[in-house]
Amino acid sequence: MSGMIFADSLSRLGTESAFVVLARAQALAQQGKDIINLGIGQPDFKTPEHISEAAIQAIRDGHHGYTPANGLPVLREAVAADLNRRHGVEVNPDNVVVVPGGKPTMFFAVMMFGQPGAEIMYPNPGFPIYESVIKYSGATPVPIALEEKNGFAFSAEKVLSQITERTRLIIINSPANPTGGVTPKAEIDKLVAGLMDHPHVALMSDEIYSNMLYGGREHVSLLQYPEIRDRLIMLDGWSKTYAMTGWRLGYAVWPDAAVDHVTRLCINDHSCVNAPTQFAGLAALTGPQDCVTEMVAQFDARRQVIVDALNGLPGVRCADAAGAFYAFPNIEGTGLTAKQAQDKFLDEAGVATVAGTSFGAWGEGYLRFSYANSTENILEAISRIKKLL
Ligand code: PLP
């Protein structure tokens with residue numbers, strides 16, 4: 001037994017169960033079991049060739065040193081141009097901070113505002129890291145309950161009603177993980193208008209799935225609201241849009257008053273993102289975008305297949321998944337809890353999914369299916385579950 005005494009804060013740190021499910025699915029596959037993985041939240045496509053080539057070329061060209069902590073200026077300029085192209089907004093490249101993935105932005109944002117006595121609001125069910133890091137910071141996590149009857153969009157009225165003097169940060173995420181929900185513009189308008197009465201509250205908008213909306217929907221970026229810019233952190237990145245999860249590359253647009261703070265956090269934490277990856281990110285933003293269009297079209301086709309197939313299962317009903325690449329069916333009619341369904345489907349049908357409760361207490365009764373897999377595998381997975389049910 002080690003005599004080491006760890007910090008108390010570690011007991012408050014949660015995890016992301018999708019990684020636990022992934023490890024179990026891989027272990028079962030190694031034992032020779034035929035596993036279809038609808039558990040993990042990453043595109044099943046290869047990073048487009050021209051993006052990978054740019055990183056290889058960067059290594060050949062000798063780009064192996066540190067870069068500025070906030071990212072290469074040319075990359076931050078490309079991010080600003082991309083945001084202008086996609087959202088029609090003006091962003092100063094000095095407000096862009098490039099980090100290793102989407103996660104560091106949320107960690108830094110929560111650490112910047114979270115401390116005992118502070119309250120931070122976050123979507124529930126939602127990306128599990130929000131609640132985990134809020135607790136780690138010592139702040140009180142205040143859930144924004146997301147409900148199926150509202151298409152898993154937040155209610156601005158509810159969010160605003162939960163604001164207190166102690167509220168420091170509100171986290172929102174649309175399109176959302178794990179629900180695929182997209183919050184309508186009217187609700188965002190209402191939230192922003194209401195926040196004018198609460199100037200002490202910062203907002204982090206996680207827009208990592210901003211390129212993945214279906215059925216003619218268009219993304220509404222919080223950057224499109226100038227009145228909130230002085231306290232908005234807009235998170236986005238390359239992981240999902242360009243199938244680059246393993247590269248570790250993301251960014252956020254920070255308000256003026258936070259840029260120095262976050263840059264110092266970067267310097268203390270990781271110095272900078274590795275240089276070749278930044279060149280890959282540059283090629284992604286400045287190169288042809290048809291790779292994104294094609295990937296999104298494939299997700300859309302699979303989405304329709306999986307939502308239909310799930311609605312054909314006894315005891316299951318699945319709302320139209322409006323964005324990201326997740327379906328979040330209600331499974332209460334099967335008589336199973338979310339965790340029981342997750343374990344049963346993996347052990348007895350060889351299908352990896354993630355229990356809704358892995359995304360917060362409000363996820364009970366739901367299961368997350370990632371449709372970042374082939375149509376053939378999706379249909380096979382649902383047919384196995386059908387036999388089981
Ligand atoms: N935000 C949301 C809502 C996500 O679902 C994810 C990844 O699943 C991330 C951020 C983190 O992305 P990254 O892998 O780039 O850290």
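**Figure 1. Strands β3 and β4 are joined in parallel.** Strand β3 (residues 119-124) is connected to β4 by 6 bridges, and the two strands run parallel. Strands and helices are DSSP runs numbered from the N terminus, a strand (E) having at least two residues and a helix (H or I) at least four. Within this pair, I120 stands opposite P141 of β4. In general, the strands of a sheet pair through backbone hydrogen bonds, either parallel or antiparallel. The model is predicted, so local features need pLDDT of at least 70 and side-chain atom pairs count only at pLDDT 80 or more, whereas totals for chains, interfaces and linings use all residues. Residues are numbered from 1 along each chain as its sequence is written, and side-chain values use heavy atoms, with hydrogens and water left out.

**Figure 2. An open sheet has 7 strands**. The strand order is β2-β8-β7-β6-β5-β3-β4, with mixed pairing; two strands pair if DSSP finds at least two bridges between them. At the edges are β2 (96-99) and β4 (140-145), each of which pairs on one side only. From one strand to the next, the twist averages 20°. Helix α3 (residues 73-87) packs on the sheet and touches β2, β7 (232-237) and β8 (250-253), its direction making about 70° with that of β8. Axes are lines fitted to C-alpha atoms, for helices over the stretch in contact, and angles run from 0 to 180 degrees between N-to-C directions.

**Figure 3. Helix α7 has buried residues on one face**. In α7 (residues 185-195), the buried residues are E187, I188, L191, V192, G194 and L195. Viewed down the helix axis, these residues fall within an arc of 165°, so they line one face of α7; the arc is that of the directions from the helix axis to the C-beta atoms. Buried means under 20% relative accessible area, exposed over 50%, and partly exposed in between, with a 1.4 Å probe and protein chains only. The elements covering these residues include α6 (156-161), β5 (167-173) and β6 (202-206).

**Figure 4. I36 is a buried residue of strand β1**. I36 lies in β1 (residues 36-37) and counts as buried because its relative accessibility is 4%. Leaving aside neighbours within four places in sequence, I36 is in contact (heavy atoms within 4.5 Å) with G350, V351, A352, N373, N377, E380, A381 and R384. By contrast, I36 and R168 are 132 residues apart in sequence and 42 Å apart in space, C-alpha to C-alpha.
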